[in-house]
Amino acid sequence: MENEETLIIRNVNKSYKLDNKETFQALHNISVSFKKGELVSIVGESGSGKSTLMNLIGGLDSDFTGQIIADGMDLGKLSDKELDKYRKDKVGFVFQSFNLISHLSILDNVTLALTLSNVGEKEKIARATKMLQLVGLESQLKKKPTQLSGGQKQRVAIARALINNPDIIIADEPTGALDTTTSMQILKILKEIADSGKLVIMVTHSEKVASISSRVVEISDGRITNDTPNKNYKKGESFNLNVEEEKKEENKKELKQNLSLWSAVRLSFHNMWASKVKNFLMAFGVAIGIGSLIVMLCFSSGIVDFINSTMTSYSDPTIATLSKSATMEEIASFTEDDISQIVETINNEANLTDYTLSQEDISYGFQVATITPMFSASINYDFDNSGIAEYDENETLSLIYLYTTPPYYSDSTIVEGNLCSSDIPEDADYDAEIMLTPAIYNFFGEENPVGKIVELKITYNGSIISRFAKISGIVDTSVMSGFPVLYINYDAFEEIYNSQTEVASLSPLQPNTLYIQTPSKEIADAINAFVRATDDPIFEGISGSIEESLANMFTNLTNTIGSALIVISAISLLVSAIMILVVMYMSVTERTKEIGVLKSIGARKKDIRRIFSSESFLVGLLSGICGLVFAGILLIVVYILLTSLVGFAPLSFRWYYPFIALGVSIVISVLSGLYPASKAARLDPVESLRRE
């Protein structure tokens, strides 16, 4: 009903704290009421308090004393969320400076309030199109605000104010930026809106504007000095909103909803597209860090894979190796009792599913570095025409390691010749076969050492074992290939060693390495893991094979280098995060008025945070995608360079690296955007709308 009081103001006072800590009272005991269907002009000079009063009525400012009752609600008692809903459902603002969002189309500017209410896309467009038709802008839907005249912009602002079918329209100097002809057109629209049954309150200092109003309220120095009805006011043609009562109730139900996450993402995408160059450059800066992170991960895993594959090519993953390390004073070995106890302990405690270890699964080995004072080994390689070396100390090569041939060596490890054997013909002029690493080529010059017979000398605890040996092959174990290392069959070594025990008073040879042949890699790994973890004294001082030890050493080294490289990438990402924070913070500053507009049409703090957080998310997503592209290009370049320079590229790609990169990019972007989003949500709407 038109005579129903829509707005009641009782004894309202409003004060501001000035910079010098003094207080300025802008409103003094304001008491006034308004009804539906009124077209009210609040007039006064600049600084009289009229805009302050409108901000209180519109719910933009709730810091006052007294009462403002709108549609039965006491604004002073409403929470922030309730005030947001009040502005969204009950109030529509028309500003002097239009306050349209420049990067959105006319249609999007009008649908913005519906977007905040999570109205469906089709319904939203239909209602906004209808509203723009009512203000005569049906042909301007796709244009941007910069392409419209002042009067057209104000019509858009009116359409936006009406879109949620509010009860109160507040127009702050609606004709202040318009010429006379356009002003009268806008006033005619506002009058028709009031005549349709809504309360329209205009803030103005123009007598011409006041003259067409149904009522004029004069305010001076924060006090109402006159409240005069216009006896000559006549209702004319109503502004046909074409909203049936049932439709209005349906819409009110829709408007109870809030901005959805998907709507926030779409709105954020529009905002980002408006500053696409800035956002792309920011994303590219982050992409460099993301791409570098992927390359470092690929490089680190590539080195580890290369080492593991190299070690695996010279070993058998189904064999578990147990070795006792030699010290400067002792070459520790396994006794028969030790081996029996090891087998029993593993079977009882290692929890090997469906597998029982037996001594038949174990073969023996002996390995020792010749740098220990108690052990040394050398060969004499000065050949005569018969191919047999004549001993000459000047032509003697000291070996740095003696290694009995592991059971996993195969023909694939042989560069030339064959694996050494324990089967020596009775009429042979040598006692054993040996293999040497490719480093031996450096000592034989142009001579091919394979098939040659050399003198093998082993010194153990001062006793010398001297035998002739045939070089059966050159074995490439990669890790040890650059050093003079001797490989010999264990049985053959045991035979020539034990043949000297009576003369040299040596104890019979005992193995210091055990090779456990298992049916699968999983069982071998389980045994190795058990040996490393157990505190049983029988396993004290036992380690894995030299290949495993070297692999672990290089893997740890590589992991350390990889971690260092990843830390460098992380520093780059930290710089990127700071860059995002700064850019987003500047974006909040640049878009302060836009934030004020959003709050004036009912955006909650949560909605503002969601919009800016969504922008951070999209920046992170874009950065991650760019980072993947950058990483792909960089990996190709690195692969080509390494392949051409060193012959191979230790790069290994994991399927989950892109997900890690995208996740890291999104996380640092969202975290970097938290503070700017929070700052945007906390902005005061009144101060925001004043920002130029």
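Glu-121 counts as partly exposed because its relative accessibility is 33%, where partly exposed covers the range between buried, under 20% relative accessible area, and exposed, over 50% (1.4 Å probe, protein chains only). The model is a predicted one, in which local features need pLDDT of at least 70 and side-chain atom pairs count only at pLDDT 80 or more, whereas totals for chains, interfaces and linings use all residues. Residues are numbered from 1 along each chain as its sequence is written, and side-chain values use heavy atoms, with hydrogens and water left out.

The side chain of Glu-121 meets that of Arg-266 in a salt bridge at 3.1 Å, N to O, the term standing for a side-chain nitrogen of Lys or Arg within 4 Å of a carboxyl oxygen of Asp or Glu. Arg-266 lies in helix α9 (residues 261–274) and Glu-121 in helix α4 (residues 121–134), so the pair ties together parts that are 145 residues apart in sequence; helices (H or I, at least four residues) and strands (E, at least two) are DSSP runs numbered from the N terminus. Arg-266 is likewise partly exposed, with a relative accessible area of 35%.

A search of the whole structure finds 20 salt bridges, and among them is the contact between Lys-14 and Asp-61, at 2.9 Å from N to O. Here Lys-14 belongs to strand β1 (residues 5–17) and Asp-61 to the loop between α1 (50–57) and β4 (65–70), 47 residues apart, and both residues are buried.

Lys-14 also forms a salt bridge with Asp-63, with the closest N and O atoms 3.9 Å apart. Asp-63 counts as exposed because its relative accessibility is 53%, while Lys-14, at 3%, counts as buried.
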